Amino acid sequence: MPSILVIYNPIAGRGRVKKHWPEVQQGLIDSGIEFDVAATSEPLEAVTLAEKAVTKYSTIIAVGGDGTVHEVVNGLLRASNEGETIALGVVPLGNGDDFAKMIPPQTSIGGKVFDWRVAIEKITKGQTKLFDIGRMSGDQLSSEQTNNPQYFMNGMDIGFGAQAALNFTKVPSFLTGMAAYLASIMKTLIDYRIPKVSIQIDNQPAFEQSTTMTAITNGRCFGSGFWVCPEAQVDDGLLDVMVTQSVGRLKILRLIPKIMKGTHVNEPILRNYRARRVVINSQQSLVVEADGEIPYPQTRHLEVQILDKKLRVIV
């Protein structure tokens, strides 16, 4: 019996996985890799597949985008009870593939992530490294939520970025990659609200803040090419936190090109922190985005913490 399970999402990357899966499958076979295959057909199915797979397999390969990887990671962390996971390999074929940018050698700002052929080479060699993982828990205000903790490998945010992620699902399918993300941003600019929240960083006193966007990251990049916390490291045992003041549309438009270059960190409208735990409270319900997904469509209380070196990744 093969020790590797390949989980692929045919609709990931707006059809890129479906288009390239025969090549990827043949590439794995040609590399001498023995594996079983499971295709997802509905949201969150990869969570269940990954969670059940750990009793039969020593490695899971996620073929798709950050959403597919996000689901597999959640399944692995649940199965391990937040202990060290079995190995995860990634074949990036999504819209953003931001997690793959964190796999050594880390992608430089503006650089392209390795393609599926390089990914297969890495899987063949089987070298691994332990990554940190972000853990979230929040109150339940929506029937779409579960009571389970949620995990992220790249980052999460509230405010403008979360609303843009929600709007991304409404972008026409012919737009892909950065064009699709920019279209969702333009849509968000038309109508967005600025929440007032209370934020506690580790054991410091909480402070109140009206924030256009607050991001808590483990990785450096999300949204295809927005280097929100460009100095973040996936194995330093810390979360990188960016809190913006309440800003209008013009300032957002001026800030976006800088975030795409990672040159925004000293902007006076931003505050940056490093922490092991962050608590956010709000009188308003908040949309929470994580790795491009919406684990909390509505919440007023959120606790985020770092889990040190729990995810074993093929690098």
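## Reading the model, residue by residue

Student: Let's start with N281. Where is the place of N281?

Tutor: In strand β13, which covers residues 277–290. Strands (E, at least two residues) and helices (H or I, at least four) are DSSP runs, numbered from the N terminus. Before we go on: this is a predicted model, where local features need pLDDT of at least 70, side-chain atom pairs count only at pLDDT 80 or more, and totals for chains, interfaces and linings use all residues. Residues are numbered from 1 along each chain as its sequence is written, and side-chain values use heavy atoms, with hydrogens and water left out.

Student: Got it. Why does N281 count as partly exposed?

Tutor: Buried means under 20% relative accessible area, exposed means over 50%, and partly exposed is in between (1.4 Å probe, protein chains only). N281 is partly exposed because its relative accessible area is 32%.

Student: And which residues is N281 in contact with?

Tutor: Contact means heavy atoms within 4.5 Å. Skip the neighbours within four places in sequence, and N281 is in contact with K196, V197, S198, R300 and H301. With H301 there's also a polar contact, side chain to side chain, at 2.5 Å. That term covers a pair of N or O atoms within 3.5 Å; within protein, one must be able to donate a hydrogen and the other to accept it, and residues adjacent in sequence count only if both atoms are side-chain atoms.

Student: How far apart in space are N281 and Q127?

Tutor: Their C-alpha atoms are 41 Å apart, and the two residues are 154 apart in sequence. Now try another pair: S210 and S246 are 36 residues apart along the chain, and their C-alpha atoms are separated by 5.4 Å.

Student: Which strand is S210 found in?

Tutor: Strand β9, residues 207–210. S210 is partly exposed because its relative accessibility is 32%. Leaving aside neighbours within four places in sequence, the contacts of S210 are I194, P195, K196, T244, Q245 and S246. K196 is in that list, and K196 is in contact with N281 too.

Student: What about E293?

Tutor: E293 lies in strand β14, residues 293–314, and is partly exposed at 31% relative accessible area. Apart from residues within four places in sequence, E293 is in contact with G67, H70 and V288.

Student: Let's go to a loop. Is N218 buried or exposed?

Tutor: Buried, because the relative accessible area of N218 is 1%. N218 is found in the loop between β10 (213–217) and β11 (239–244). A polar atom of the N218 side chain lies 2.9 Å from the backbone oxygen of D132, and one lies 3.1 Å from the backbone oxygen of M153. Not counting residues up to four places away in sequence, N218 touches several others, including F152, G155, V234, L238 and I306.

Student: Next, backbone angles. What is the phi of D97?

Tutor: It's positive, about 50 degrees, although D97 is not a glycine. D97 sits in the loop between β4 and α4 and is buried, at 5% relative accessible area. D202 also has a positive phi of about 50 degrees without being a glycine, but D202 is in the loop between β8 (196–201) and β9 and is partly exposed, at 27%.

Student: Which peptide bond is cis?

Tutor: The one from P104 to P105, with omega near -10 degrees. P105 is found in the loop between β4 (87–92) and α4 (116–125).

Student: Last one: how many residues are in the largest nonpolar core?

Tutor: A nonpolar core is a set of buried Ala, Val, Leu, Ile, Met, Phe, Trp, Tyr and Cys residues joined through side-chain atoms within 4.5 Å. The largest one has 53 residues, and V63, V72, L88, V91, F99 and L311 touch the most other members. A second, separate core has 23 residues, among them A164, A180, I252 and L255. For a close look, pick V72: beyond four places in sequence, V72 touches I7, A46, A50, I60, A62 and L88.
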